[in-house]
Amino acid sequence: MRADGEFTKEVALKTVRVGYDVSSVLERFRNERQILASLDHSNIARLYDGGTSAEGIPYLVMELVDGIPIDSFCDAGKLNITRRLELYLEVCSAVQYAHQRLVIHRDLKPGNILVTKKAIPKLLDFGIAKILDPATATDVTIVRPMTPEYASPEQIRGEPITTASDVYSLGVALYQLLTGRSPYRMTTRTPHELSRAITDTEPERPSTAILRQLAAKDSSSASRTPEQLSDAREPSLAKLQRRLSGDLDNILLKALRKEPQRRYASVEQFAEDLRRHLDGRPVSARKDSWSYRSGKFIKRHKAGVAAAALMAATLVAGVAATVREAKVAERNRLRAEKRFDDVRKLSNSLILKFTIRSNGCPARHRHESCCSTARSSIWTNFPATPAATLNCNASWHGAINVWRWCREIRRSPI
Ligand SMILES: Nc1ncnc2c1ncn2[C@@H]1O[C@H](COP(=O)(O)OP(=O)(O)O)[C@@H](O)[C@H]1O
Ligand SMILES: [Mg+2]
C-alpha cells in the first residue's frame, strides 16, 4: 500500500527466509527484476517491485492473488477429469509464455498455482527460485531444489536446468491432480527415498496409481482410499480408471521421463497432446518401446541380468554339448556296427579257410599254417584284438581258439 495515499492496491510481500545471503539475493533480484516484471500474462501473478526493509531484509512485492491452490480448488469443486485438464491447459499456456521469454519457473507445484473464485489459475513465484537460490547466481544450475516432491531428476542431481525441468514439474502436478497420488510408490517418504525415486524409479501408470491404498498415517492426501479420490473426480472408480488408462497414462509418463530430451520438447507440445486427448484425436505420446524398456531394465538390474544371461549361456552350452556327444555316440555306434560286420565276414572266411586247409595239409603243418593265416588277417584288419586270443602258433589249441573266436563272433547278435 502506498503511503502517500494517491492510490491503493493490496499486494503480496514476500520476504527472504533467514539463512539467505541477503546481499546476493538483492543482487540477483536486481538482475532478474526487469525480466520478471515484464511477464505480462493473465495467468501469471505480476512481480511489481522489491527492496530492503528497515531491518535490512529483502522483500518482493507481488500481485496478491485471492485464490486457493489448484489441487484444493479441483477437489473442493469435485471437478471431473475433463474440467481439470481444461484448467491445466491455462496453466500450461502461462508457463509456455514465460518459456518463450527465456524464464524458467523452477518451482512449479500446486502451492504456486492458485485458482481464483472465478476459476482463473494464477502462477506465483515465476523465476523466484533463481533469485533465492545461492547456487544460481551466475549459471543455470540449481543444487538444492526448492520443493523436492516436484523437482526433476536433473534438479535433484544438480545438473543444468532447462524448460524441460518445468515440463517435468508440470507433469508431477498434473499427475497428482488427476490421480490424487504421487507418481512414485514410497513407504517412508524421507528426502533420501524421494530423491532416489525421482532419479531411479519409473513412475507408476496413473490408471494403476489410483488403486493404491494410502497408509492411515499418510496425511499428505485427503483421499486416502481409491473410492474417496474417484468420488472427487468421476462417478465411479472404474470410470476414472477407464478415463486415465491409455492416452493420459502415456502423456503423463512422457512428461515424467527421467531424461529431459525424451520428455515433451516444450510445454506447448505437452499442452497440445492434452488438447488432442480432449478432442478425441490421436496423441503423440506412446508407450515406451520394448527395446527402450528392456534397456532400462538391464541398467537397473545389472547383476540379475548378468546372472540370468550366464545361466542361459550355460544352458545353451550344455544342450550343445549334449547334442554333440549324442552325435559322436551315434557315429561310434555306426562305426562299431560296421566293424562288427567286417569281423563277422572275416570270421566266416577264416573258418572256411581253416576248414579247407585242415583238409588239404599234412597234419603237422595244418595248425601252423591256419593259425598264421588267421592271425595275420585278424591283426591287419583288427589291431585291437587281444593277443592271447591269437596266440595260436604253437598248437592245435591255438588254432581251435581262433576258430572258436570266429564262430563266437559269427553267432553273436549285432
Ligand atoms: N502473490 C500471492 N498472492 C496470494 N497468496 C500468495 C502469494 N504468494 C504466496 N502466497 C501464499 O503463501 C503461501 C506460501 O508461499 P511461498 O512463500 O511462496 O512458499 P512456497 O515456497 O510454499 O511457495 C502460498 O502457498 C500461497 O498460498
Ligand atoms: Mg510460492
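How far apart should the ends of helix H3 (residues 81-100) be, at 1.5 Å a residue? This is a predicted model, in which local features need pLDDT of at least 70 and side-chain atom pairs count only at pLDDT 80 or more, while totals for chains, interfaces and linings use all residues. Residues are numbered from 1 along each chain as its sequence is written, and chains are lettered from A and ligands numbered from 1 in the order in which they are written.

**View 1. The span of helix H3.** Helices (H or I, at least four residues) and strands (E, at least two) are DSSP runs, numbered from the N terminus. The expected span is 1.5 Å times one less than the number of residues, so the 20 residues of H3 should span 28 Å, and the end C-alpha atoms, 28 Å apart, agree with this. Just after H3, Leu-102 takes a positive phi of about 60°.

**View 2. Buried residues of H3.** What covers the buried residues of H3 includes helix H2 (70-76), strand S5 (113-116) and helix H6 (163-179).

**View 3. An open sheet of three strands.** The strands lie in the order S1-S3-S2 with antiparallel pairing, where a pair requires at least two DSSP bridges. Strand S1 (11-15) and strand S2 (47-52) stand at the edges with a single partner strand each, so one side of each has no neighbour in the sheet. S2 and strand S3 (residues 58-63) pair over five bridges, and Thr-52 has Pro-58 in S3 as its bridge partner.

Methods: Buried ≥ 20, exposed ≤ 12 C-beta atoms within 10 Å, placed from the backbone. Contact = placed C-beta atoms within 7 Å.
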